[in-house]
Amino acid sequence: MALAMVGEALISASVEVVLKRIASREFRDFFSSKKLNVAVLDELKTKLLALNAVLNDAEEKQISNLTVKEWLDELKDVVLDAEDLLDEIITYALRCKVEGESKRFTNRVRSLLSSCFKRIYSSMNFKLETISQRLEHFVRQKDILGLQSVTRRVTCKTVTDSLVESVVVAREDDKETLLNMLLCDNNDGDAKSNVTKVITILGMGGLGKTTLAQSIYNDSEVQKHFDLTAWVWVSDDFDVLKITKKIVESFSLKDCHITNLDVLRVELKNCLRDKKFLLVLDDLWNEKYNDWHHLIAPFSSGKRGSKIIVTTRQQKVAHVTHTLPIYELKPLTDENCWRILARHAFGDEGYDKYPSLEEIGRKIARKCNGLPLAAKTLGGLLRSNDDAGKWNRILNSNLWAHDDVLPALQISYFHLPAHLKRCFAYCSIFPKQYLLDRKELILLWMAEGFLQQIDGEQAMESAGDDCFNELLSRSLIQKDQDIAEGKFRMHDLIYDLARLVSGRISCCFEGRKKGQIPKTVRHLSFLRERFDVVKKFEGLYELRCLRTFLPQLGYPFKECYLTKTVSHDWLLKQRYLRTLSLSKYKNITKLPHSIGNLLHLRYLDLSYTSIENLPEATFMLYNLQTLILSNCEFLIELPPHIGNLINLRHLDASDTKLPEMPAQVCRLQDLRTLTVFIVGRQLRVRDLRKFPYLQGKLSILNLQNVVNPVDALQADLKSKYEIEELMLEWGSDPHDPQIGKDVLNNLQPSTNLKKLNIKCYGGTSFPNWIGDSSFSNITVIGISDCNHCLSLPPFGQLPSLKELVIKRMKMVKTVGYEFYCSDAGSPSFQPFPSLESLNLPSLPRMILSANCLQELTITNIPSLIFFPADGLPTSLRSLDIWNCRKLEFLSHDTWHKFTSLEQLRIWNSCYSLTSFSLGCFPALQELNIRFIPNLEVITTQAGGEAPILVDFIVTDCKKLRSLPDEIDLPALEHLDLSGLPELASLSPGCFPSHLRSLFVDVGILSSISEEQLGLLFQRFTSLSHLLVKGLGDEDLINTLLKEQLLPTTLEILFLHNVDGLKLLEGKGFQNLTSLQQLHMYNCRSFECLPEDQLPSSLAILCIRECPLLEARYRSQNGRYWSKIAHIPAIQINEKVII
């Protein structure tokens, strides 16, 4: 009875793919035409059918029978090998078809194809016979193992909506108790005590600890009660450095690049000083007392009443961490489990109409053992299913007897259809707690072939959406509440299940664990670093059946480098690759011609690389479905025969410098994504009608080439309902402004549009559809360089508009009422109800009264002299003023009103500003002042304190002569004082001891005596970044090195524009035991580095515009290269050697 409704086995989906291809008439005809042995195909089919009949039985028995598990794992490898082989045959058939239809193949390509075909045909029978023999072994073994033939099917009812938890079901009393503990400061003991109180929530996995903690954390009363809040997921990898870094980032809401623990601890202490904070440490496993107290030591600087919430499954962890009574979360009652299960199974409909299901459901709820995750997951499994038989089969499943993985989760997995099992298991390729991107994941599923066999009439992307929604409705994927739309996560227990069921097929690779990777792994991902060197991939070079090579976001910057041993050698030997990403590797400048040998490739991501063009062989990748070229800034052309990529569905070439697109793009009429369409000699705008399925983002460029506005109407944008982002750009002013307006009018999109950007439009006014209130979904609008427009559209009546950017509108002199609403007879109308971010060429009074406005950027307004009489909205969090030279800065009397202002940047503006007082903006975290020629003095108010200023940057202010002798900047991390020639002297008191980075002219340091300078640098206990510009006594640099005055915490040293020195004192470098990076820029007199005295910790050496150093180390075969060859990554100008 228990086996009656177990879903199809994971490998069944691959077996079905192979069987379907063997049965295909087109496939068999091609096979026969090449004089290949069709009888081998029939043998293969017979054996696969025999094995497929017992796979469901094997998948369940593997849980308790290791021999069956080994049999099943080995069988998976053979079936996947068969799938690869048949896919290869189909690809060659496709090549023959395309070659026969195309008249534009070069002799070189024809020769390459011919030799490939001969090789594949000569070995085809042998390979198929080998696989058939391998399968024979499994056919014999199935009887020995006692595997039975059971026919089962699971219907999949797609649920297009997703149930998102808005309340914590059945935990109301727990929440109230914990809120009382959290918000009550009376339990904090002695008023003078700074011991942070810890509330530990204890309970087994799946009890809802995290859900309950999230509900408390997001409670409005909690957010009001604490000055700072942070949430950090810890898990079983307890690394004090990593966790402290996460805590700093969560509190500051900014990336943190500090890698020295001592520096981090000081950073955290400064961040929390005199603040009442709440920190949640979710899923803590480490039970070592010393580790815990080492982690929480910096929290003593917080204000009385600060709290830490810890969630853990471990009793010992609870005893180590708690200061307040441990709150042990109990299992739910059977009644509450039923409430949760019913809520997910029946939704808003309720269960009153299904008394028989209620009876069964209550019995299932009792088996959940009080675990809300189990009840939620089973409710998702039963959602929209009123078949009492299915409910009974789940109730009676023998999987309840196993406890290595939560039984309810196992049951949910085993009841998935085979294709959903593959989609679910594939998610294990990502790291735990990874943010899953819905669109990306569907494209990856598609590339792996998981979506093809679902419904022949349904688009693969639509099928992928259904699969995703199905996993979402079953709570196997959960929406991330705190991140932007389209991002999702897996619960830890569910992720563990995905890792378990994927077995040795998938691997999220970490360098230190590379020895554990089986040779038969198919899907490989890893965290990208800035320099991915050869050593990182040792142990992987024996892999031969890889399908997925997927670097993940690890290093925070976009410029990374990958050893060519991987990109141009090993990867090109992976003949079965279906998914290949080289994204963000800046040293990828071209692809070798052998890329054409990757016959199975479906997904190719080259975004943010330095490629200029794609090799001719690229258009032989007939299986390619997704090609991502976005942000390839050097890309100048696409292959002329791109039309041969007959399976291409997604082409992203956004933010490139393509001058035009080949005409053959129009052959790709199945495209769903075409981010760029360039109107020119090859393409006319009306050709867009040939792409009926476009969705997502579309940029139409060079619209000045549209001569007849009727062409724009024929593009039929209004019918493309799935376009969400639209950019319309004219490369130059059209000859006739009226044609420009007619073109824009005829390019009206669907009202489903969410983002609109218009550039270089040449009309004098905008069409009526722009700003029309029917576009109720628009959240972002950008208008720029429309130099003939006399007025702006009525953007104020767009109800969902959150971000508005208007730049360089030369003819817009004033902003009238028409900007807010097209109906002048509605005086009570409130414009811009949702606006949060504003970037305008003028300051219209009405829009500045929007009390939700948080960001304001004022750029390039030479005529602007005063702010509006009513001032700026005090809700601002960020104010940027750029190139407004005549503008008078805000009246000093109003500064204190800006209680939310966190960022203030003034560049080449406010020339009348002669003095500035620190500490006047109470919430200011970043002050950035550049190119203000008349600024003479920076002062402090009484006390001289700017309590939370983190970044203090003053550069290129030629008249600045005075800074305060003493400044209390307890939170300061980054100080930049450069380009200040009149600043003759500076007190050491201007340099807080806890600085993390210091950028400064040598001349400023020279004003401090050597003795004071020594004391100053000894005070820097946290300094990790030092940039010294050579404007002054450059011998001081060698003095600092020779006397070993630089702090040992230093990780990155920059030397800029140091022309007066030929050599560096090497002795001081030996003392810099933490130094990881040395950057030298425009140091034209330097002859050589202290080659024998560079610290062993040095991992990166960058040399730019240093001609003598370049000459010394340019050649890897040169005399001096061996002196620096031990450094893992070396960059000389644009050349990177790793």
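Accessible areas come from the Shrake-Rupley method with a 1.4 Å probe, and for residues only the protein chains shown count as cover. The model is predicted: local features need pLDDT of at least 70 and side-chain atom pairs pLDDT 80 or more, while totals for chains, interfaces and linings use all residues. Residues are numbered from 1 along each chain as its sequence is written, and side-chain values use heavy atoms, without hydrogens and water.

**Figure 1. Surface and burial of the protein chain.** The accessible surface comes to about 46,600 Å², 48% of it belonging to carbon and sulfur atoms. Of the 1138 residues, 56% are buried (under 20% relative accessible area; exposed is over 50%, partly exposed in between; 1.4 Å probe, protein chains only).

**Figure 2. Helix α6, residues 172-183.** Helices (H or I, at least four residues) and strands (E, at least two) are DSSP runs numbered from the N terminus.

Figure 3. D174, L178, L179, M181 and L182 are the buried residues of α6. They lie on the same side of the helix because their arc around the axis is only 160° (taken from the directions from the helix axis to the C-beta atoms).

**Figure 4. Packing partners of α6.** The buried residues of α6 pack against elements including β1 (197-202), α7 (209-217) and α8 (220-225). Strands β3 (277-284), β4 (307-312) and β5 (327-328) are also among the partners.

Methods:
Expected span 1.5 Å × (residues − 1). Contact = heavy atoms within 4.5 Å.
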